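This text leads a new reader through one protein model, from single terms to the whole chain. Please keep the sequence and the structure in view while reading.

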Amino acid sequence: MHLEVTTPAAADSDQGLDPRRKIIVISLLMSVVMLVGKLTAYFVTHSAAIFSDAAESVVHGVATGLAAFSLWYAARPADRNHPYGHGRIAYFSAGFEGALVLAASFAVLYSGFGALVGEPELRHLEFGLGISLLLALINLVLGLALIRTGKKHHSLILVANGKHVLSDMWTTIAAILGVGLVMATGIQMLDAAAALLIGGWIMFSGISLIRESFSGLMDEVEPGLWKHLVNHLNEGVAKGRIVDFHHLRCRQVNDETWVDVHMLVPGDLSVTEAHSRVTEVEEAIVNSFAGRKMWITTHI
C-alpha cells in the first residue's frame, strides 16, 4: 500500500515564484555586494582583519552560487535514473560549502600570522569601519531570513547558506572590533589578532557544515521526527485502528520524507476494511506535519 501526499504548506510554494528561489537570488546578489564592499575597505585600509573578512566573502560568493544551482537541481522531479528525486544534492552543496569555508580559514590564518610578523601600516580606518558596519547589518538581516525560510520549507541548502551568511557577519564584526581597538589604542598588532580570531571562527563554521552534510548523506534522522512517527503509530494502536507495527524506517531529503512501515491488523478483517484502517493511520501522520512532502509505504 502506498500513500503519497503533499501537505498544504508544501503545495503553497507552487503558487507563484517559490520563496526559496527568491531568497537565494537575493543572497547571490548580496554576496557580490559584500565582496565589492569588503575589497574596497581592504584596499583603502590595508587591514589584515578586513582582508580576512574579504577572503571569506570570496568563498561565500562561490558557495552561494553553488547553493542557487543546487536549489534549482533539487526541485527537479524524480525520473528513471533518480526515482527518489534530486534532493540529495543539498547535502553535497552543504558539504562543498563547508570544505570551501574550511579552506578559506587556512588562508585567513596565514594572512593573520603574516600581519602579526610584518605589521603593515594601517590608514583610513574610519572609512573601512563604516563600510564594515553597514555590511554586517545587511548580512544579519539576510542570514536570519535565509534560515527562517529554510526551516519553514525544510531546505538544508537555505539553512546552510544562512548559517554561512551569519558566519560572514561574525567575521565582519570581529574585523570591526579589531580595527576599532587599533583606532582606540594605536596598537596595530590587534588588527592581526582579530584576523586570527576570524580564521578560527571560519574553521569552526566549515567543520560544522561538513558534519551536517555527512549526517544527511548517512540518512541520519532527526530524533524529533522519529519520536513523532512512533507516537502517531502508537496512537493508531491505542485507538484500535491497528494491532501493532514494526519495521519502521524513514529517510529525509530536504523537504521530502519517506516512511516505510509494517502494520498489523486483525486477521479476520476484509482486505477493504484493513486498507481503510491503515489509511486512517497514514493520513493522521501526514496531517500532523506541515511543509513536508511525504511518501508513506505500508505493508499490511
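A residue is called buried when its relative accessible area is under 20%, exposed when it is over 50%, and partly exposed in between. R251, with a relative accessible area of 27%, is therefore partly exposed. The model in which this value was computed is a predicted one.

Begin with the chain as a whole. Its secondary structure amounts to nine helices and four strands. Read from the N terminus, the order of elements is β-α-α-α-α-α-α-α-α-β-β-α-β. Taken along the principal axes, the C-alpha atoms occupy a box of roughly 85 × 35 × 35 Å. The radius of gyration of the protein chain is 25 Å, whereas a compact globule of 300 residues would have one near 19 Å. Of the 300 residues, 46% are buried. The protein chain exposes about 14700 Å², and 65% of that area is supplied by carbon and sulfur atoms. Among contacts with a separation of 6 or more, 74% are between residues 24 or more positions apart.

The helices can be taken next. Helix α3 covers residues 48-74, and T64 is found in this helix. At a relative accessible area of 0%, T64 counts as buried, because the cut-off for that word is under 20%. Leaving aside residues up to four places away in sequence, T64 touches I24, S27, L28, S31 and N161.

Helix α5 runs over residues 125-152 and contains L144. Just after α5 comes H154, which takes a positive phi of about 55 degrees.

Salt bridges give another way to follow the chain. How many salt bridges are counted in the model? The count comes to eight. In one of them, the side chains of K38 and D168 meet with a distance of 2.7 Å from N to O. This pair links distant parts of the chain, since K38 sits in helix α2 (residues 19-45) and D168 in helix α6 (residues 156-185), 130 residues apart. Both K38 and D168 are buried.

A second salt bridge joins the side chains of R88 and D219, at 3.0 Å from N to O. Here too distant parts of the chain are linked: R88 belongs to the loop between α3 and α4 (89-118), D219 belongs to the loop between α7 (189-217) and α8 (223-238), and the two are 131 residues apart. R88 has a relative accessible area of 27% and is partly exposed. D219, at 26% relative accessibility, is also partly exposed.

The side chain of D219 forms a salt bridge with that of R251 as well, at 3.4 Å from N to O. Because D219 lies in the loop between α7 and α8 and R251 lies in strand β2 (residues 244-253), this pair ties together parts that are 32 residues apart in sequence.

Strand β2 leads on to the pairing of strands. Which way do β2 and strand β3 (residues 256-264) run, parallel or antiparallel? They run antiparallel, and eight bridges join them. V253 has E256 in β3 as its bridge partner. The hairpin of β2 and β3 has two residues between the strands, and in this hairpin N254 takes a positive phi near 60 degrees.

Strand β3 also pairs with strand β4 (residues 293-299). These two strands run parallel and are joined by seven bridges. D260 stands opposite T297 in β4. In a regular strand, side chains alternate between the two faces of the sheet. With that point in mind, the strands β2, β3 and β4 can be followed in the structure through the pairings of β2 with β3 and of β3 with β4.

Terms used. Residues are numbered from 1 along each chain as its sequence is written. This is a predicted model: local features need pLDDT of at least 70, side-chain atom pairs count only at pLDDT 80 or more; totals for chains, interfaces and linings use all residues. Side-chain values use heavy atoms; hydrogens and water are left out. Buried means under 20% relative accessible area, exposed over 50%, partly exposed in between (1.4 Å probe, protein chains only). Contact means heavy atoms within 4.5 Å. A salt bridge is a side-chain nitrogen of Lys or Arg within 4 Å of a carboxyl oxygen of Asp or Glu. Two strands pair if DSSP finds at least two bridges between them. The radius of gyration is taken over C-alpha atoms; the globule rule is 2.2 Å times the number of residues to the power 0.38. Accessible areas come from the Shrake-Rupley method with a 1.4 Å probe; for residues, only the protein chains shown count as cover.
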